[in-house]
Amino acid sequence: MNATNTSFLMLCSLLVLLMTPALAMFYSGMVKTKNTLNTIMNCFIVFGVITLQWVAIGFSLAFGEDSGSGIVGSLENLGLVGISGYDENGVPHILYVIFQMMFALIASAIITGSLVGRIKLGVLVIFLIFWSTIVYDLLAHMIWSEKGFLLVRGGLDFAGGGVVHVSAGVAGLVGALIVGARKEEDSYHISSGAHSVPYTFLGAVLLFIGWLGFNAGSAGGVNEIAVNAFVVSIISAASGFLAWVLLEWAIHKRPTILGSLSGLVSGLVGITPACGFVGIYSSIFIGAIAAIVCYMGLSFIKNKLRWDDSLDAFSLHGIGGVWGGIATGLFASSKVNPQATGEGTLGEGLFISGSYHLFLEQLFSIVVCIVFSAIVSFIIFKIIALFTDLRVCENIEAQGLDIALHGEQAYTMKDH
């Protein structure tokens, strides 16, 4: 065991674990008080459900010995049987299992933001179990496993732009379209439903802190790549934050806190697949463009298409993840990561070397993530719909899911 690398990955696992309750806070502050607790429950229930799914079968499908297809792992590690020893960084394999489990948790949690205020909890749980098993685990194997289909082709995704953000954002959008919009007339305007902007701010800041473990920990140990990922993630987040503020200032003449937080998240999403491959100046550009494309995507979906992607899981994570994958194909540099972009690979990004090979492969990987997640998500929802209604009845939705489904209220006022 390498004590330094092991301690580092334990810390990063803790930080990534923080992301799930932080996301629950971030999401719940943006809904009406009557759905606050349900939003938290929807998001954090993945901790119990997906943890057990990962232990039982998820890790084996994602990181077990390749079955020969490059698409899925074998079942030899069911129930974590046979997990022992250390990796090349001196980190216990069982710790790597837990670190990767945190990624599976946050991927499922992201989806819940598209469906708040109307989906049944049981339907959501069933969907997430099957989605995580079929979509997330297989994409993780394709992109991160040693013999994974997309990795062998030369695609790059350092910390989960396609595996986590694109796949989850697409699944959220598919769910929102199938389940349908909320009944409130103002359901397309987040600001009208946000009951606590400071609560959302706190959740976003904690999400940001956890994200640094998400990106830096993907290096697997304490090394220059981990340091680079840590630094460029902070810079891209700042760039995305500021770009969104300036956009709102220029277009609406008043920057909002909720908007600025969306910029922060979009900057983080955009840098996630690229953080182990790009330098500081590239990260500034990546974060700013992420904010711009996410802002335009959100405005188009809300104002033109009127799709009720409740808390913009697709607009931020889906669109931001697509840009991040493209940006990796544009800016990946051998000065940052010669092992991933040097001799024997597809080479550096288009804007660095002039070579289009990595760029085209990134586009291919993005298409695979989008199509696979969309098709499987659609099928899962349709199968569940054969047995039960996907959403709560109209009177429960009007009353609020906190009281109707949980018998609790987020806030109570008592006479003294």
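Biologist: Which residues does Ser 373 touch, not counting residues up to four places away in sequence?

Modeller: A contact means heavy atoms within 4.5 Å. By that rule Ser 373 touches Trp 131, Val 135, Ser 167, Val 170 and Ala 171, with residues up to four places away in sequence left out. The model is a predicted one, in which local features need pLDDT of at least 70, side-chain atom pairs count only at pLDDT 80 or more, and totals for chains, interfaces and linings use all residues. Residues are numbered from 1 along each chain as its sequence is written, and side-chain values use heavy atoms, with hydrogens and water left out.

Biologist: Where is Ser 373 placed, and is Ser 373 buried or exposed?

Modeller: Helices are DSSP runs (H or I, at least four residues), numbered from the N terminus. Ser 373 belongs to helix α15, which covers residues 357–385. Buried means under 20% relative accessible area, exposed over 50%, and partly exposed in between (1.4 Å probe, protein chains only). Ser 373 is buried because its relative accessibility is 0%. Ile 379, also placed in helix α15, is partly exposed at 41%.

Biologist: Which polar contact joins the side chain of Ser 373 to that of Trp 131?

Modeller: A polar contact is a pair of N or O atoms within 3.5 Å; within protein, one must be able to donate a hydrogen and the other to accept it, and residues adjacent in sequence count only if both atoms are side-chain atoms. The side chains of Ser 373 and Trp 131 are joined by such a contact of 3.4 Å.

Biologist: Which residues touch the most other members of the largest nonpolar core?

Modeller: A nonpolar core is a set of buried Ala, Val, Leu, Ile, Met, Phe, Trp, Tyr and Cys residues joined through side-chain atoms within 4.5 Å. The largest one has 120 residues, and Trp 131 and Tyr 136 touch the most other members. Helix α4 (residues 121–144) gives the most to this core, with 15 residues. Beyond four places in sequence, the contacts of Trp 131 include Ala 107, Ile 111, Tyr 136, Ser 377 and Ile 380.

Biologist: How many salt bridges does the count come to?

Modeller: A salt bridge is a side-chain nitrogen of Lys or Arg within 4 Å of a carboxyl oxygen of Asp or Glu. The count comes to six. In one of them, Lys 147 and Glu 65 meet at 3.8 Å, N to O. Lys 147 lies in the loop between α4 and α5 and Glu 65 in the loop between α2 and α3, so this pair ties together parts 82 residues apart in sequence.

Biologist: What separation do the closest N and O atoms of Arg 182 and Asp 308 have?

Modeller: The closest N and O atoms of Arg 182 and Asp 308 are 2.7 Å apart. Arg 182 lies in the loop between α6 and α7 (190–193) and Asp 308 in the loop between α11 (280–305) and α12 (313–331), so the pair ties together parts that are 126 residues apart in sequence. Arg 182 is buried at 17% relative accessibility, and Asp 308 is buried at 3%. Arg 118, Arg 182 and Asp 308 are linked in a network of salt bridges. Another bridge joins the side chains of Glu 397 and Arg 391 at 2.8 Å, N to O.

Technical notes. Helices (H or I, at least four residues) and strands (E, at least two) are DSSP runs, numbered from the N terminus.
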